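Hello,

Here is the structure for you to open. Have a look, then read my notes below.

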Amino acid sequence: MRPQLILTVTRACDLRCSYCPTAKDGWPSLSIDQAHRALDVFIAQDGGDVKLFGGEPLLVPDVVRSVLDRTSSEPSIERTYLSTNGLGLDTTWLERVRVDRKLILTLSMDGRPADHRRFRKALEGVPDAYDHIVSLLPELLRTPRVVVTMAIPPASARHALENFNHLRALGFHRFNLLPGYYLPWRDEQLADLDGAFADIATVFEEAWKTNGSLYLRNLFTWAPTPFFNAGLIVDADGSIHPSNVGLSGKLDHLREETRAGTLDSPPSAEDLAAAAERTNGLLDRELAPHVLASTHAVDAALTRLVERLMPAYLRKRRRHA
Ligand code: SF4
């Protein structure tokens, strides 16, 4: 896996998704200067991929624009990922994705409108996220490198195939599946998830047999701690960590243990590696046993999906080589 810089440019968000672990209130956002200092540190360590993360990054558009201006022409940056709930998108942002060939837009959705609205509660005065995304659909579908992250909380596992099919019917064909980590899952919900993943795997296999265009990012990602990203993580307050486990409000107290430095006093690569060692195992210690067991179970279900699909993906790749 390429080294990665995760910039939590802000923790603010205009939605309150029922499954979202991110602590949002009372946090600052990164300034443009802080974001560039984070890039300086990462580039000095030979660069890699940059991920703009939140909260909702498009709530601080000037910071995002300034980072993209630099990463698009910085040779040591391979790819830049921008994660969004879609509410801040407009045709100008999509044009930016079209012209910046390093930029990958990750759009989070839950599937059919009823589930999207059920889980993604908007703050007062915020428009409906599903309607906003659909209003941009023609432009979105003409935009390259758009990946839909389909969230699957326990309550929608039973309908995960229908939600996936709905997103495909809208015209999307690049996906990342994200079952709800660090949540309590009941046994029947885990069984539903397994069944849905098996059905979704069949959809992929059939599409690949007939050279249909369908992409699954999960085939190419791995993290030492389920769900949370590892790498050079710069939080919205400028602190630096080897993992973003501290994004979770419930795990906020771990940030002191995971902190490897700050933008004013950045860690060396060795210091960051030492902090990463300390971070592994923290979740096992901190989480309630049933939540930890659920997390391992959904991660295992996702791993089974990836293991099932990998041979079919490799066959398809060989055919196109
Ligand atoms: S859009 Fe993302 S950051 Fe905002 S509440 Fe939902 S999951 Fe959390």
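First, a term: contact means heavy atoms within 4.5 Å. Helices (H or I, at least four residues) and strands (E, at least two) are DSSP runs, numbered from the N terminus. This is a predicted model, where local features need pLDDT of at least 70, side-chain atom pairs count only at pLDDT 80 or more, and totals for chains, interfaces and linings use all residues. Residues are numbered from 1 along each chain as its sequence is written, and side-chain values use heavy atoms, with hydrogens and water left out.

Start with helix α2, residues 61–71. Its buried residues (under 20% relative accessible area, 1.4 Å probe, protein chains only; exposed is over 50%, partly exposed in between) are V63, V64, S66, V67, L68 and T71. They pack against β1 (4–8), α1 (32–44), β3 (48–53), β4 (77–84), α3 (91–99) and β5 (103–109).

Now the sheet. Two strands pair if DSSP finds at least two bridges between them. An open sheet of 10 strands runs β9-β8-β7-β5-β4-β3-β1-β10-β11-β12, with mixed pairing. β9 (215–216) and β12 (261–262) stand at the edges with a single partner strand each, so one side of each has no neighbour in the sheet.

Next, β11 (239–243): five of its five residues are buried. Three bridges join it to β10 (230–234), antiparallel. A230 has S243 as its bridge partner. Two bridges join β11 to β12, also antiparallel. Here I240 stands opposite G261.

Best wishes
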